[in-house]
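Okay, thanks for coming, everyone. Let me put the structure up and walk you through a few spots.

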Amino acid sequence: MELKVVKASVEKGEGLGWGKSLLVPSIQEILKNDSKSVPERYIQEPKDRPLISQNLFDSLQVPVIDFSMLAQKDANEIRKLDLACKEWGFFQIINHGVREEIMVNMKAAMAAFFELPFQEKSKCAKGANEIQGYGQNFVVSEKQKLDWCDMMFLKTFPHETRNFKFWPLTLPGFKEAVEEYSTEIRKVSNKIDANLSVLMGMDENGLKRKLGEFQQGIRMNYYPTCSRPDLVLGISPHSDGSLFTLLLQDDEINGLQIKHKEVWIDAKPIPNSLVVNIGDAIEILSNGIYKSIEHRAISNEKKPRMSIATFVMPGDEVQIGPLDSMVNEKHLPRSYRNIKYIDYIRQKFAMKMQGKAHTAIVKL
Ligand code: OGA
Ligand code: NI
């Protein structure tokens, strides 16, 4: 039903591209006037509120993958990666080769942007009919609850998808930091892609051959402190529409939680690591063997938290569907239909973030 809505608006020539989202106030700005306020629009329904207490599952840890071992084709590490993708949909990578300085510069550039006066940031604001820029996405109704978060979404690869109208070009060092970071992350994502190709029964170039040049988009998240973190969500439960996502999170502040075997557990930060999660596109290509897991972010009372999610995606016109190597009529029948990537991503942007509801469109 949702898809019809998107298609109708696309046919009318509106919202061409990936989609649109209603404009909402900046929560960071609201709090500048009253740091204790928790406006009604942000208070989640009781069933959706996070339980902020001693986590009972504290001992459960997202698997850690040593990237340098993958480079050496260490069979044990490759097996760990396979298991992490099957059982967790999440892993943290260490020794990934992105120099610390590049990550530090990227975090500093993001922090400098969010610290700019609102008027300055507004020069990069997204319009209601676009999803790139400063503001918020996935807001489709005036009635829906809002996330305790401001964001900035920029497309970074291929080069021609960069739209500098949304970049704070007068902020010293910002462009350079994003360019360097996105280039380094692309190297890491190429290696992940090569490993996943092999694990899914192809050679190292299998996914590239099938999908062509990948797109990359960067979402910078600013989660202000909240006087009642038990009532709000930093980012609502969702799975990512990407092939996979690489998240650079704060080195100290917990916030990211993933749904593992029906319980929410913390993805505790490991300094200088990157959190990687399987997105919907790999779930579809792997015929459901690798899973895009629901995750969310919670806020806290003490310190604002920032994170940078880099989404690696197929090209808009590419058809995605279960790979031949992942389908077996008898033991592993097809669970997803084929879909053009842009149709998938438009469907995702047309809905509130609501767990995996947006994946229904491709399930058989
Ligand atoms: C995202 C996301 C989690 C975080 O941006 O898609 O899941 O911890 N972010 O910021
Ligand atoms: Ni996400």
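So, is His295 buried or exposed? His295 is buried, at a relative accessible area of 6%; buried means under 20%, exposed over 50%, and partly exposed in between, using a 1.4 Å probe and protein chains only. Quick housekeeping: this is a predicted model, where local features need pLDDT of at least 70, side-chain atom pairs count only at pLDDT 80 or more, and totals for chains, interfaces and linings use all residues. Residues are numbered from 1 along each chain as written, chains are lettered from A and ligands numbered from 1 in the order written, and side-chain values use heavy atoms, without hydrogens or water.

Now the metal. The nickel ion (ligand 2) has His238 (NE2), Asp240 (OD) and His295 (NE2) as protein donors, 2.1 to 2.2 Å away. Donors here are N, O and S atoms within 2.8 Å of the metal (3.2 Å for Na, K and Ca), and water isn't among the atoms, so sites may look incomplete. Along the chain, the donor spacing reads H-x1-D-x54-H. His238 sits in strand β6 (residues 235–238) and His295 in strand β11 (residues 295–297), so the pair ties together parts 57 residues apart in sequence. His238 is buried too, at 5%. Strands are DSSP runs of E, at least two residues, and helices runs of H or I, at least four, numbered from the N terminus.

UniProt, in an unreviewed entry, puts "domain: Fe2OG dioxygenase" at residues 213–314; such annotations may be inferred rather than shown by experiment. That span is 6% helix and 44% strand, and its end C-alpha atoms lie 7 Å apart.
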